[in-house]
Amino acid sequence: MVSSEANTSTSAGTPYPVFLQILSDEHQNFRWLLAIVREEQKQLAAVDLTTLRDVLRYLSEYPEQSHYPSERRLIHRVTSAATDTVGKTLDPLLNEHDKLQAEGNRLYFRVVRARNGEDVDLRTLATRLEIFVDAFEEHLRAEEDALFRDALGILDDKDWDSLIAGMDAVDDPLFGTRVRRRYRHLARVLEARFGWTRRGAAITGHLSPGAIVDKISVLSEAAAGLGVIVADHAAQT
């Protein structure tokens, strides 16, 4: 089971700035989902392809829409105010974003094809999923050990205020103010496996803009997993 405790303060016990707390909370959310992937990749005979698909869809959708842009802005702010040495330490994190995003998309499409009945080598898939989870978890640790630490030591209140003011208003489709229809199943899996609940998060049942996106996504999955692309475009409209 994954720990439900997020890294909410510095080593001295003082709370994170709001901007950094948001990133830290999202890291914890990602860890819940990565734990599900790790569970599924260990049980080939009874793998839940629907749950696996939903996790990979989320990890292909939300981080690129909101989390990674926020971290890119944070990295830029820190490196512009710091030494070249700090910049060299943080720059590789940007490349890791691109690699994780690309591999997550590839795995998503492969799981969709398997779920649609195509012949997919599940052993190879399990190996790639394990490598993906290991890389994602290591990336989260590197950000918390390097980026978060450097940001706390370099940025001042004006920097943090500027960062939070410029944060994109993207509602998390799973952990946000309401659970979108396409993630209802995944929300129930989180609750069943880890006791996860989100106060104030309501599972929507009416025809909302999110539900329209879900209908497009379901139709698109029948066409070799194009759902994530269509959903991303629809979500921006």
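**Exercise 1. What share of the contacts in the chain with a separation of 6 or more comes from residues 24 or more positions apart?**

Solution. The model is predicted, so local features need pLDDT of at least 70 and side-chain atom pairs count only at pLDDT 80 or more, while totals for chains, interfaces and linings use all residues. Residues are numbered from 1 along each chain as its sequence is written, and side-chain values use heavy atoms, with hydrogens and water left out.

Step 1. Contact means heavy atoms within 4.5 Å.
Step 2. Of the contacts with a separation of 6 or more, 73% join residues 24 or more positions apart.

**Exercise 2. Describe the pair F19 and W160, and find where each residue lies.**

Solution. 
Step 1. Rings of Phe, Tyr and Trp (its six-membered ring) pair if their centres lie within 6.5 Å; planes under 30 degrees apart are stacked, over 60 edge-to-face, and the rest tilted.
Step 2. The structure holds ten aromatic pairs. In one of them, F19 and W160 are tilted, at 6.4 Å centre to centre and 40° between the planes.
Step 3. F19 belongs to helix α1 (residues 18-41) and W160 to helix α5 (residues 157-165), so the pair ties together parts that are 141 residues apart in sequence.
Step 4. Buried means under 20% relative accessible area, exposed over 50%, and partly exposed in between (1.4 Å probe, protein chains only). F19 is buried at 1%, and W160 is buried at 8%.

**Exercise 3. Describe the surroundings of Y183.**

Solution. 
Step 1. Y183 forms an edge-to-face pair with Y58, at 5.8 Å centre to centre and 80° between the planes.
Step 2. Y58 is in helix α2 (residues 49-80) and Y183 in the loop between β1 (178-179) and α6 (184-194), 125 residues apart.
Step 3. Y58 is buried, at 0% relative accessibility, and Y183 is also buried, at 0%.
Step 4. Ring pairs join both tyrosines to a cluster that includes F30, Y62 and F132.
Step 5. R57 lies over the face of Y183, 5.6 Å from the ring centre; the criterion is NZ of Lys or CZ of Arg within 6 Å of the ring centre and within 35 degrees of the ring normal.

Technical notes: Helix = DSSP H or I, 4+ residues; strand = E, 2+ residues; numbered from the N terminus.
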